[in-house]
Amino acid sequence: MTVSVPEAQKAPKGFRIDLKTAGPLLALVLLIILGYSLNPAFLNEGNVTNLLTRSAFIGIIAVGATFVITAGGIDLSVGSMAAFIAGMMILIMNAAVDSWGASLATVLLGIGCSLILGISAGFINGFLTTKAKIEAFIVTLGTMGIYRSLITYFADGGTLSLNNGAREIYRPVYYDSFLRIPYPVWVFIIVALIGWILMNRTAFGRYCMAIGSNEQVARYSAIKVDRIRTWTYVLQGLCVSLATIIYVPRLGSASSATGVLWELEAIAAVIIGGTVLKGGFGRIGGTVIGALILTAIGNILNLTDIISNYLNGAVQGIIIIAAVYLQRGSLTSKRKKAE
Amino acid sequence: MSEGAGAAVPPILSAHRISKSFGEIPVLFSIDFDIRPGEVHAIIGENGAGKSTLIKILSGLEQPTSGTITYRGQQVTLPPNGEAAAMGIVVIHQELLLAEHLTVADSIFLGREMQSGGFLKLKEMRAEARAILDTLHVNIDPDTRIHTLSVADKQMVEIAKAISQDARVIIMDEPTAVLSVAETRTFFEQIRRLTAQGVAIVFISHKLDEIMELANRVTVLRDGQLIATVGTENLTPDSIAQMMVGRELSNLYPPKHEPDVDSEVMLSVRDLSAPGISGISFDLKRGEILGFAGLIGSGRTAVAEAIVGLTRKTNGSVTVKGQPADFTDVSKSVAAGLAYMTKDRKGRGLLLNAGLTPNLTLLTLKKHLKNGFLDGSSETKALERAVRRFDIRARDPSVPVGKLSGGNQQKLMLGKTMESEPDIVIMDEPTRGIDVGTKQQIYHIIAALAAEGKAIIVISSEMQEVIGLSHRVVVMRQGRMAGMLEGAEITEAEIMRYAAGIKQGGEDDRLSA
């Protein structure tokens with residue numbers, strides 16, 4: 001995968017950094033080998049495509065989360081935000097079908113609204129953390145509750161379903177492919193590439209790392225800390241909106257159960273990928289691998305009957321804790337070697 | 001100083017042939033050190049001489065690479081992580097390690113709470129804390145929260161905590177650096193009270209007069225070597241300084257080139273007020289070095305931060321090259337050719353986990369963009385230039401700058417500041433915590449920048465530095481300008497008179513001292 005190139009370049013510098021940078025990749029490879037040995041169907045084209053498509057939702061959101069976390073913030077609202085945006089899209093498209101009929105324009109309207117809602121929701125999170133100076137954890141905990149309850153309210157406790165006509169037009173966005181790669185995977189690849197460039201090749205990415213590693217240094221270095229921070233939340237909102245756009249045609253519905261715990265999966269993907277939770281160091285490539293690892297675990301449990309699929313969360317939890325422990329382990333061994 | 005301890009008393013804590021290396025870098029070479037009950041033993045040396053490492057070893061926070069520690073007559077291996085406190089060896093760090101939200105009584109008993117059946121005996125702890133504070137003649141309520149106390153009071157809480165642990169040896173790292181003159185006096189009384197009870201005190205200080213007054217013996221370190229351990233009665237401040245530096249300091253400062261009388265005024269400040277300062281007015285000319293002297297907390301940094309827009313000014317005006325310059329954020333000040341170099345290298349100046357390049361270019365990253373993307377080769381070239389110009393020494397540019405020596409960090413920060421190609425540079429404590437050799441280099445760089453036509457403000461707490469570099473000196477006191485000195489008036493005594501409020505200049509006469 002293109003995003004993992006820089007890791008490969010860094011590798012020859014010394015064995016010390018290997019565990020930290022290549023660790024997630026290694027874990028993914030082991031997981032793939034395990035999956036294949038337990039059930040060769042794991043590497044069937046159909047299953048691989050399915051796995052990649054599933055990982056796209058969390059992956060796209062996690063790319064946004066990488067920026068937020070790198071700049072020293074956190075966004076807990078992404079799961080509810082996705083559910084809320086999905087609900088709004090469906091309501092708007094259904095209303096449009098009533099007046100214009102089901103057409104491409106209806107779907108485009110829904111997509112446009114999704115983008116506007118995502119960006120606005122991100123901006124609200126950013127504004128409240130930077131200008132109102134409320135901790136990100138609190139702000140996004142609050143908005144998480146607000147969006148979750150709004151979707152429940154609009155769905156009247158049930159499920160919002162997209163008009164069948166509109167659904168037919170919208171369906172290919174999730175189910176069709178280009179060059180045998182499903183569209184959601186393309187979106188994931190493009191988002192990851194742009195994210196990687198933003199993080200590693202632009203002033204914005206450098207500023208995110210500077211702010212996350214020491215906000216005071218950033219301020220004294222003439223960086224507009226509040227503005228950059230707000231941008232990370234806007235970016236996160238945009239990513240949530242993109243994920244929702246490819247999610248809605250999958251089921252054509254949204255309910256209060258949509259996107260539950262996505263925020264934790266996104267944060268987990270970011271952390272498994274080697275981004276530091278307290279900020280200052282972000283790795284988009286790692287995040288992509290983190291998202292693939294999380295999805296692969298669920299997929300393997302589905303394909304084999306060694307462990308009940310109901311224990312998916314438990315296995316993921318163990319992997320997250322182990323990943324962070326290994327990263328810390330490699331850091332301490334590095335320090336010991338230096339002394 | 002009186003005889004706190006006769007030579008006959010055996011040492012309570014001693015170190016024999018202590019060496020310490022971090023990786024391949026040796027920082028201490030075969031040091032002998034001892035402290036007797038009731039004695040005050042000062043450790044002095046330039047920064048980087050190994051003082052901090054030595055006290056860490058004496059308190060168990062670091063283990064020596066070789067050598068032995070003897071405590072109360074027995075060879076010991078001191079436990080790490082401050083557990084030596086239970087044995088009676090207590091360290092009081094410079095950045096007082098107190099939990100800000102606990103009360104005074106909580107802090108004194110932190111980790112050693114009095115309990116009964118799993119419940120805290122709050123009343124007893126409060127009474128005990130009260131009793132200890134009383135023996136120190138300190139009037140602090142045990143129920144006060146730490147964050148409401150002054151630094152001096154916090155230090156007293158640390159001392160009270162040490163006493164409650166029945167400390168036999170108290171090791172202090174620059175205890176008076178953050179205290180005012182009056183607070184220092186009270187602090188000295190406490191030290192005398194402690195030594196009278198037989199407590200041994202080891203302290204690091206840079207203030208030679210304090211050492212002369214308080215210490216029985218002085219150990220001088222230089223570059224990790226033990227230079228001498230001498231009784232204070234045989235020393236003068238000059239001889240200590242000579243031992244610390246080990247060379248003549250005559251060429252430390254470059255010759256001064258006075259700027260032309262009719263040089264352009266680059267920076268003009270009129271009646272500037274901001275939180276902590278008021279009524280600041282001065283002009284700065286092209287090619288001039290203007291010194292800012294004064295005691296810690298006299299508002300010098302506040303002046304700089306108000307000028308560059310890091311803090312909001314409440315009154316007054318600033319002009320840069322005749323143009324109004326009411327900066328509301330740093331980027332505007334940088335764009336106008338006015339750069340501020342912070343005194344807080346580690347907290348505000350540098351990203352300690354990042355390499356040299358990202359640090360160097362952080363202030364001026366926009367210069368290294370090509371079509372909106374970062375241009376790595378342009379950044380590398382900038383680093384090569386800065387390394388040559390400021391003699392920054394690092395074996396590998398990707399090494400985290402936190403691992404560099406203070407001198408190299410300072411030079412990197414200077415490089416970062418100068419990357420913005422400013423016409424006016426405000427340098428806050430440009431040589432804090434670096435060795436003499438590097439200091440000399442930085443002084444020559446500053447003089448060369450002035451000769452190039454930069455206008456420079458040097459804020460410094462080292463009086464010699466201000467005197468050695470500046471064409472004119474502003475002396476600050478309690479947030480106001482106490483005086484402006486020129487030419488032959490720039491002497492240590494004169495600066496001290498203004499800084500201490502004995503003498504006041506011009507418009508500040510109406511102020512009560």
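Hi everyone, and thanks for coming. Since this is a predicted model, please take what I say as a description of that prediction.

Let's start in chain B with a sheet. Which strands make up the open sheet, and in what order? There are four, running E14-E13-E16-E17 in chain B, and their pairing is antiparallel. The edges are strand E14, residues 277-285, and strand E17, residues 323-324, each of which pairs on one side only.

Now let's walk across that sheet. Strand E13 of chain B covers residues 265-274, and six bridges join it to E14(B) in the antiparallel sense. If you want a pair to click on, B:Val265 has B:Lys285 in E14(B) as its bridge partner. Turning to the other neighbour of E13(B), we find strand E16, residues 315-320 of chain B, joined to E13(B) antiparallel by five bridges. There, B:Val269 stands opposite B:Val318 of E16(B).

How many residues sit between E16(B) and E17(B) in their hairpin? Two, and B:Lys321 in that turn has a positive phi of about 50 degrees.

Why is E22(B) described as largely enclosed by the rest of the structure? Because five of its five residues are buried, and for this model buried means under 20% relative accessible area. The side chains go both ways: B:Ala455, B:Ile457 and B:Ile459 point to one side of E22(B), while B:Ile456 and B:Val458 point to the other, and all are buried.

E22(B) has parallel partners. One is strand E15, residues 289-294 of chain B, which pairs with E22(B) over four bridges; in that pairing B:Leu290 stands opposite B:Ile457. Another is strand E21, residues 424-428 of chain B, which runs parallel to E22(B) and is joined to it by five bridges. The bridge partner of B:Met427 in E22(B) is B:Val458. Between these strands in the chain comes helix H14, residues 436-452, and together E21(B), H14 and E22(B) make a right-handed β-α-β unit.

Staying with helices, have a look at H8 of chain B, residues 300-308. Eight of its nine residues are buried, so to speak a mostly covered helix. Among the buried ones are B:Arg300 and B:Glu305, along with B:Val303 and B:Ile307. After H8(B) comes B:Gly309, with a positive phi near 90 degrees.

B:Ile43 is in strand E3, residues 40-44, and it counts as buried because its relative accessibility is 0%. Beyond its sequence neighbours up to four places away, B:Ile43 touches residues including B:Phe33, B:Leu54, B:Val202, B:Phe203 and B:Leu221.

The other is B:Thr232, in the loop between strand E12 (225-231) and helix H7 (237-245) of chain B. Is B:Thr232 buried or exposed? At 6% relative accessibility, B:Thr232 counts as buried. Its side chain reaches the backbone oxygen of B:Ala215 at 2.7 Å. Setting aside neighbours within four places in sequence, the contacts of B:Thr232 include B:Ile211, B:Met212 and B:Val218.

Finally, over to chain A. The axes of helix H9, residues 183-201, and H10(A) come within 4 Å and cross at roughly 65 degrees, which means H9(A) is roughly perpendicular to H10(A). The contact is made by A:Leu198, A:Met199 and A:Asn200 from H9(A), and by A:Phe204, A:Gly205, A:Arg206 and A:Met209 from H10(A).

The side chain of A:Asn214 reaches the backbone nitrogen of A:Gln216 at 3.0 Å. Which residues does A:Asn214 contact, leaving aside neighbours within four places in sequence? They are B:Lys346, B:Gly347 and B:Leu351, which brings us back to chain B.

That's my tour; I'm happy to go back to any of these spots on the screen.

Terms used. Residues numbered from 1 in each chain as written. Chains lettered and ligands numbered in written order. Predicted model: local features only at pLDDT ≥ 70, side-chain atom pairs only at ≥ 80, totals over all residues. Heavy atoms only, no water. Pairing = 2+ DSSP bridges. Polar contact = N/O pair within 3.5 Å; in protein donor to acceptor, adjacent residues only side chain to side chain. Contact = heavy atoms within 4.5 Å. Buried < 20%, exposed > 50% of the residue type's maximum accessible area, 1.4 Å probe, protein only. Right-handed = clockwise from strand over helix to strand, strands pointing away. Axes fitted to C-alpha atoms, helices over the stretch in contact; angles between N-to-C directions. Parallel < 35°, antiparallel > 145°, perpendicular 65-115°, else oblique.
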